[in-house]
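Here are some questions about how terms are applied to a structure. Each answer sets a value against its definition.

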Amino acid sequence: MEDLTEVITSAEFHPTHCNTLAYSSSKGSIRLIDLRQSALCDSHSKLFEEQEAPSSRSFFTEIIASISDVKFARDGRYLLSRDYMTLKLWDINMDSGPVTTFQVHEYLRPKECF
């Protein structure tokens, strides 16, 4: 347990391709895996995450970035992720960044202490 650095926080199967699984992590990333390749979550076919400067990372930013849920759209083309401060819409064909980001709890942003 001492080596544990990341936890799977949510998982969902693709709505039309049952071999594809999306899972989110406590580090703020989403990974797509093809279960025909491996039943383990040790490798992924796509990675979705927003890069942050290492100097801006802290214990609190990691908590806020932790993804609490991930859901596929009905057609399977998009993923919606939820962390503490945002909802992000991801196109599974474009892993460079979210298509759009919706701010939630905006009234808390000025009160952040990090």
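Q: What do buried and exposed mean here?
A: Buried means under 20% relative accessible area, exposed means over 50%, and partly exposed lies in between (1.4 Å probe, protein chains only). Strands (E, at least two residues) are DSSP runs, numbered from the N terminus. This is a predicted model, in which local features need pLDDT of at least 70 and side-chain atom pairs count only at pLDDT 80 or more, while totals for chains, interfaces and linings use all residues. Residues are numbered from 1 along each chain as its sequence is written, and side-chain values use heavy atoms, without hydrogens and water.

Q: What makes strand E2 mostly covered?
A: Six of the six residues in E2 (residues 20-25) are buried. Thr 20, Ala 22 and Ser 24 point one way, Leu 21, Tyr 23 and Ser 25 the other. In a regular strand, side chains alternate between the two faces of the sheet.

Q: Why is Ser 24 called buried?
A: Ser 24 has 0% relative accessibility, so it counts as buried.

Q: How do you know that E1 and E2 pair?
A: Pairing takes at least two bridges found by DSSP between two strands. Five bridges join E1 (residues 8-13) to E2, and the two run antiparallel. Within this pairing, Glu 12 has Ala 22 as its bridge partner.

Q: What makes the link between the side chains of Ser 24 and Thr 9 a polar contact?
A: A polar contact is a pair of N or O atoms within 3.5 Å; within protein, one must be able to donate a hydrogen and the other to accept it, and residues adjacent in sequence count only if both atoms are side-chain atoms. The side chains of Ser 24 and Thr 9 make such a contact at 2.9 Å.

Conventions
Helix = DSSP H or I, 4+ residues; strand = E, 2+ residues; numbered from the N terminus.
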